[in-house]
Structure formats: structure tokens, C-alpha cells
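Take a look at the chain below.

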Amino acid sequence: MGEFVRVETAEGIATIRLDRPKMNALNRQVQEEIAACARQVDADPGVYAVVLYGGERVFAAGADIKEMADMSYADMSAHSAVLQSCFTAVAEIGKPVIAAVTGYALGGGCELALCADIRIAGESAKLGQPEILLGIIPGAGGTQRLPRLVGPARAKDLIFTGRHVPAAEALEIGLVDRVVPDADVYTEALAYAARFAGGPALALRAAKQAVDRGLEVDLDSGLEIERLQFSALFATDDAKAGMRAFAEKSQAKFTGR
Ligand SMILES: CCCCCCCCCCCCC/C=C/C(=O)SCCNC(=O)CCNC(=O)[C@H](O)C(C)(C)COP(=O)(O)OP(=O)(O)OC[C@H]1O[C@@H](n2cnc3c(N)ncnc32)[C@H](O)[C@@H]1OP(=O)(O)O
């Protein structure tokens with residue numbers, strides 16, 4: 001349990017809850033607490049899916065500008081690897097991760113949402129990478145994850161202009177996957193995550209890793225990643241249970257082994 005970031009778990013779903021004054025501004029402490037929560041939920045066999053949530057008002061308004069304002073090249077050069085690793089810890093959670101985007105997801109806040117697999121936004125939510133307006137650029141994966149999601153031209157538009165993207169446009173360009181009434185964002189994210197509770201955790205992890213790792217390599221290598229992940233699942237009790245249940249017209253009981 002961190003000071004500004006905590007894990008709340010219920011019925012197999014973990015929420016990583018950001019809760020810091022000043023729009024959940026991401027300072028060093030928040031980033032490190034996010035990474036600790038990511039590692040905690042990744043290692044917890046009782047957690048089948050994860051929701052990232054900043055509260056009803058805001059997801060996260062980005063890095064703490066006031067903290068960064070006094071940082072030197074040396075400071076940031078020393079910290080930026082840690083910073084990226086905190087976000088990568090979220091991206092590498094071996095379970096479905098859903099970002100519940102309320103209010104603003106800007107800068108590092110948008111980059112955090114990009115580390116999720118699915119993004120559900122409220123109708124009045126706004127996302128963006130406004131770093132350019134501060135004389136800097138995204139530094140927590142935005143220049144890499146955003147173009148992979150929306151394409152290089154749209155990513156450059158958002159990064160070059162720093163503009164806020166309303167939820168409806170974010171849906172159009174694939175930056176978010178669903179738009180729901182503001183009041184329903186968190187419950188909708190939990191409902192989607194609940195689909196995975198009690199499910200085939202090993203297969204879900206294999207699917208996520210095959211897709212994510214496959215995006216980074218050529219097709220032949222990606223097919224090899226899939227082949228190895230697919231074959232490995234035949235060593236699991238879950239695969240036997242799942243296919244036997246189908247044959248017996250019964251409900252599969254997955255154990256995560
Ligand atoms: C060696 C030490 C290492 C330290 C750790 C380094 C951390 C490095 C992290 C790097 C992460 C990767 C790179 C990412 C960079 C960024 O994210 S840059 C920031 C990008 N975000 C923004 O530019 C958004 C800034 N905020 C706003 O534009 C507005 O606040 C808003 C979101 C549009 C909301 O406006 P409004 O509703 O009018 O509310 P405000 O009055 O503006 O805000 C309320 C209070 O919250 C404070 N605040 C808001 N955002 C931030 C922020 N990002 N950082 C710090 N503080 C923020 C705002 O100042 C208000 O405070 P008070 O005036 O004191 O009430």
C-alpha cells in the first residue's frame with residue numbers, strides 16, 4: 001500500500017488506484033508506487049485482471065511539472081530509465097489490464113493508459129501528449145506506444161500539437177476502445193475485467209505475450225513466438241480441463257496450472 005497508489009482487490013479483479021492531490025500528477029514517488037503495485041498484481045495468482053483508475057475526476061494529468069521544472073539533464077538522465085521501467089512494469093503485467101479513463105489522461109497519464117491492453121473512457125475525458133508545450137517530449141513510452149496504437153501520422157499529430165483529444169475522437173482513432181457515460185467508466189471497466197475472473201490465466205498470459213512480443217519482430221519470428229506459446233499450453237492442466245469440458249458438455253474449471 002503506497003501513499004498515493006494502492007491496490008484494491010475484489011472477486012479476482014485488482015484495481016491499481018491512483019490517489020494524489022493535484023490531478024494525480026506523477027512524481028517519482030507515484031511512479032515507483034505504480035511499479036510496485038504492478039509487480040504485486042502480476043505475482044498474485046488470485047488476480048485475473050487489472051483496472052487502472054485515478055478516481056472519478058481525473059486519470060492522471062501527467063508528470064509532476066513542478067517537480068520536473070528544477071531537474072537538470074543529469075537528474076533526468078539518471079532517472080529516465082527508472083521512469084520508463086515503472087511504466088513497462090505495467091505494460092508487462094501478464095494479465096488483461098484495462099485503463100478506466102476519467103477526466104484527463106495527459107502526458108505521463110496518457111502514457112500510463114497506453115500501457116494497458118484496453119482503454120475505456122468517459123464521454124468528457126480528454127487524452128493527449130502535451131509535453132511539446134512544455135518544451136519537452138513524451139518520456140514514458142509515448143513516442144513508441146502511441147504510434148503502435150494509432151499509427152505514426154496520428155501519433156505525430158498529437159505529439160507535435162500537444163492538443164487534448166476528446167473521447168469521441170480518441171475512439172475514432174483507436175486511442176480508446178470504448179466510450180461510456182462519465183459515471184459508468186469504472187463500473188464498466190470492472191465489468192469487462194470480471195469476464196476474466198476464474199479464467200484460464202496461463203492462456204491469457206500467453207495470448208498477451210504473443211501479441212505484444214509479436215508486434216516487435218518480423219512475421220516469421222512472431223509466428224514462432226505464437227507456436228511456442230501455443231504448444232506450451234498443452235503442458236497445462238487448464239488446456240486439458242478446457243478441452244475435456246467441451247467434449248463432456250460441462251463447464252471448465254481452470255486452476256492456473
Ligand atoms: C531525480 C528526480 C526524478 C523526479 C521524477 C521525475 C518524473 C519524470 C516523469 C516523466 C514522465 C514522462 C514524461 C511525461 C511528461 C509529462 O507528463 S509533462 C506534463 C503533461 N501534462 C500537462 O501538461 C497537463 C498539465 N495540467 C493541465 O493542463 C491542467 O491542470 C488540466 C489537466 C487541463 C486541468 O486544468 P484545470 O481543471 O484548470 O485544473 P488546474 O487548476 O490546472 O489543476 C489543478 C491543480 O493541479 C495542478 N496540476 C495539474 N496538472 C499538473 C501536473 N502535471 N503537474 C503538477 N501539477 C499539476 C495544478 O497546478 C493545480 O494546482 P494548484 O494551482 O496548486 O491548485
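Start with Arg 178, which counts as partly exposed because its relative accessibility is 32%. Keep in mind that this is a predicted model. The side chain of Arg 178 meets that of Glu 188 in a salt bridge, with 2.7 Å from N to O. The two ends of this pair sit in distant parts of the chain: Arg 178 is in strand E9, while Glu 188 is in helix H9, and 10 residues separate them. Glu 188 is partly exposed as well, with a relative accessible area of 26%.

Now turn to helix H9 itself, which covers residues 185–194. Which of its residues are buried? They are Val 185, Ala 189 and Ala 193. Look down the axis of H9 and these buried residues fall within an arc of 65°, so they line one face of the helix. What does the buried face of H9 pack against? Its partners are the strands E2 (13–18), E3 (49–53), E4, E6 and E9.

Those strands lead us to the sheet. Six strands make it up, in the order E1-E2-E3-E4-E6-E9. The sheet is open, and its pairing is mixed. Strand E1 (5–10) and strand E9 (178–180) stand at the edges with a single partner strand each, so one side of each has no neighbour in the sheet. On average, neighbouring strands are turned by 20° against each other, direction ignored. In general, strands of a sheet pair through backbone hydrogen bonds, either parallel or antiparallel. Which way do E4 and E6 run? Strand E4 (residues 97–101) and strand E6 (residues 118–122) run parallel, joined by four bridges. Find Ala 99 and you will see Arg 119 of E6 opposite.

Back to the charges. The structure holds 12 salt bridges. One of them joins Arg 28 to Glu 32, with the closest N and O atoms 3.6 Å apart. Both residues lie in helix H2 (residues 28–43), four residues apart, which is about one turn of the helix. Arg 28 is partly exposed at 45% relative accessible area, and Glu 32 is partly exposed at 34%.

Arg 213 pairs with Glu 92, the closest N and O atoms being 3.5 Å apart. Arg 213 is in helix H10 and Glu 92 is in the loop between helix H4 (73–91) and E4, so to speak distant parts of the chain, 121 residues apart. Arg 213 is partly exposed, with a relative accessible area of 47%, and Glu 92 is partly exposed, with 44%. Salt bridges can also form a network, as with Arg 6, Glu 8 and Asp 19.

Stay with helix H10 (residues 201–214), the place of Ala 210. Is Ala 210 buried or exposed? Ala 210 counts as buried because its relative accessibility is 19%, and the cut-off for buried is under 20%. Leaving out residues up to four places away in sequence, Ala 210 touches Ile 225 and Gln 229.

Finish at Asp 238, in helix H12 (residues 237–247). Asp 238 is buried, yet it has no salt bridge. The nearest side chain of opposite charge belongs to Arg 257, 7.3 Å away. Beyond its neighbours within four places in sequence, Asp 238 is in contact with several residues, including Pro 200, Ala 201 and Phe 254.

Key. Residues numbered from 1 in each chain as written. Predicted model: local features only at pLDDT ≥ 70, side-chain atom pairs only at ≥ 80, totals over all residues. Heavy atoms only, no water. Pairing = 2+ DSSP bridges. Axes fitted to C-alpha atoms, helices over the stretch in contact; angles between N-to-C directions. Buried < 20%, exposed > 50% of the residue type's maximum accessible area, 1.4 Å probe, protein only. Contact = heavy atoms within 4.5 Å. Lys, Arg positive; Asp, Glu negative; His and termini not counted. Salt bridge = Lys/Arg side-chain N within 4 Å of Asp/Glu carboxyl O. Arc of directions from axis to C-beta.
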